[in-house]
Structures are given as C-alpha cells and as structure tokens.
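Here are my notes on the model you sent.

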Amino acid sequence: MDNTIVKVDHVSMRFNLSTQKVDNMKEYFIKRLKRKLNTEDEFWALQDVDFEIGRGESVALIGLNGCGKSTMLKTIAGVLKPTKGSVTVRGSIAPMIELGAGFDMDLTAKENVYLNGAILGYGREQMNGYYDDIVDFSELKDFMDVPVKNFSSGMLARLAFSIATIGKPDILIVDEVLSVGDFRFQEKCEKRIQGMMKEDTTILFVSHSIAQVKKICKRAIWLEKGHVREDGSSEEVGSRFEKAYYAGELEE
C-alpha cells in the first residue's frame with residue numbers, strides 16, 4: 001500500500017509583479033487584449049519542485065527568505081493553485097501558515113475558537129469537548145472574552161497553535177508561528193508536535209532556526225530561489241545550509 005500522504009509533482013508557481021495600475025476588471029481585459037500589460041514582471045516563486053512525503057514523516061522546508069517555503073506550504077494546503085504541476089494530499093490538514101489567518105479580529109478568543117473549529121471541520125459539540133484543553137494549553141484562561149485584536153502576537157500564536165493541534169489531523173503545517181512565542185511555550189509546542197508524530201501525524205515545518213528544525217524534523221528540503229537544492233536528513237542538510245549561509249555563499 002502506498003504510504004504517500006503528500007505528492008508534489010513538478011510544481012511551478014508564477015506571480016505577476018507588474019506595477020501598472022489597473023482600476024477595474026474591464027480595464028484589465030482591454031489592456032490585456034491590446035497587450036499593454038507588462039508581462040515581463042513575472043516572478044517564479046517555485047520552479048519544477050518535485051517531492052513526496054510519507055505518512056508520519058516530519059519534514060522541514062528550509063532556505064532564505066523568498067526561496068519559496070511559504071508558497072510551497074500554501075500550495076500544499078490548497079490556498080494557492082500551482083501554475084504548473086499538481087499537488088495531491090491524502091488526509092486532513094491543520095494549517096498554521098500565517099499568524100491570525102482564520103481569525104476574526106473583532107471577535108473574542110472564545111468565539112474564534114469555535115470559528116476556527118468550524119473551518120477545520122469540527123462541529124460545535126466536538127469543540128465543546130476540546131474547549132477546556134485549548135484554554136489550558138494556550139494558558140489564556142483570563143483572556144478568552146477579550147477580542148483577539150487586543151492580543152499580542154505571542155498570545156495569538158498560543159491560541160492558533162492550541163486550536164490547530166486539537167484532535168488528530170493527518171497533516172500539521174507550521175510556518176514560523178512558533179518563533180513569536182516565548183521559549184517555554186515553544187518547548188511546550190515542540191512536545192505536543194512530537195506527541196502527534198508518535199500518533200502518525202505528518203509534520204510540515206518551516207523555521208529559520210536550524211536547531212529547531214533538527215530537533216523536530218528528521219528530513220529537510222532545502223529550497224533555493226524556488227528550486228529544490230537538497231533533500232535529505234535534517235541533520236546533514238541543515239548543517240550544509242548553515243555552513244553556506246555563514247560563509248556568505250547564499251544570495252536572497
């Protein structure tokens with residue numbers, strides 16, 4: 001039986017960086033028909049990226065800012081559709097891709113727990129069962145009736161992580177969110193992630209901390225300017241990335 005849970009098949013992602021102002025869709029199509037839009041300002045965030053991830057694997061995406069890590073995660077999560085190639089995912093995803101994504105900033109923390117639960121596919125009765133665990137883990141008991149627009153980034157990260165890791169998602173995607181929490185809470189999150197891995201949850205992780213990558217993940221995929229430069233053990237790939245980085249061999 002095929003153990004593959006994520007298959008990234010020769011994926012490329014193009015963005016148009018044109019600075020030309022287009023006020024409405026009618027004007028856009030007219031300019032497009034007249035070929036007056038600048039098509040030279042295209043940026044390929046990903047180019048022919050190809051890899052597979054097995055169920056229960058812990059995989060980190062590493063690389064400099066702008067190398068395509070977050071774009072790749074958003075493509076796997078279904079937020080973005082690739083320009084070329086395809087992504088196949090088998091199972092449920094709990095994504096933590098952007099801090100505050102999925103939150104209504106005017107609602108209280110408690111209201112956002114149920115809102116995010118609905119987004120993840122949980123009914124209100126299920127969320128009633130998870131609610132106390134979310135509050136306890138986030139350590140935000142005294143702030144659950146406060147609108148999240150008044151939360152610090154650390155408090156928002158605590159709430160987001162506590163919600164995303166309820167139940168047993170097949171895939172947990174974590175993009176830099178742990179970097180905004182305090183060290184003690186980061187360790188607490190790492191322990192929960194490791195517990196989820198023991199239950200066969202697949203982890204997709206992005207962090208600028210190679211030490212954290214090595215601690216959480218067994219495998220690392222090094223992206224450079226939208227391409228896969230290396231794919232191997234997090235210890236070996238992470239060490240080569242650090243060596244190249246500190247030697248000044250990498251360009252953003």
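1. Contact here means heavy atoms within 4.5 Å. The model is a predicted one. On that cut-off, and leaving aside neighbours within four places in sequence, T4 is in contact with E52, I53, G54 and R90.

2. T4 sits in strand β1, which covers residues 4-16. Is T4 buried or exposed? Its relative accessibility is 12%, and the limit for buried is under 20%, so T4 counts as buried. The side chain of T4 also has a polar partner: a polar contact of 3.2 Å joins it to the side chain of E52.

3. Q212 belongs to helix α7, residues 210-216. With a relative accessible area of 9%, Q212 is buried, because buried means under 20%. Its side chain makes a polar contact with the side chain of E190, at 3.2 Å.

4. The largest nonpolar core holds 46 residues. Those with the most contacts inside this core are I62, V113, M144, L159 and L172. Helix or strand, which element gives the most to it? The answer is α5, with 7 residues.

5. L159 can be looked at in more detail. Not counting residues up to four places away in sequence, L159 touches F103, A109, V113, I134, S138, L140, M144, V148 and F151.

6. The largest pocket contains about 390 Å³ of space. Its lining is made up of 20 residues, and P95, M96, I97, A101 and G102 are the ones nearest its centre. Two or more lining residues come from each of β5 (93-96), α3 (109-119) and α5 (153-164). By class, the lining of the largest pocket has 15 nonpolar, 3 polar and 2 charged residues.

7. For the second largest pocket the volume is about 230 Å³. The lining of this pocket numbers 13 residues, with G63, L64, H208, F241 and Y245 nearest the centre. Helix α8 (residues 234-246) supplies the largest share of that lining, 4 residues. The lining of the second largest pocket divides into 6 nonpolar, 4 polar and 3 charged residues.

Key: Residues numbered from 1 in each chain as written. Predicted model: local features only at pLDDT ≥ 70, side-chain atom pairs only at ≥ 80, totals over all residues. Heavy atoms only, no water. Buried < 20%, exposed > 50% of the residue type's maximum accessible area, 1.4 Å probe, protein only. Polar contact = N/O pair within 3.5 Å; in protein donor to acceptor, adjacent residues only side chain to side chain. 1 Å grid on protein atoms, 1.4 Å probe; cavity = no way out; pocket = protein on both sides within 12 Å on 5 of 7 lines; lining within 4 Å. Points joined across faces, edges and corners; volume = space filled by probe spheres on them. Nonpolar A, V, L, I, M, F, W, Y, C, P; charged D, E, K, R; others polar. Core = buried A, V, L, I, M, F, W, Y, C linked by side-chain atoms within 4.5 Å.
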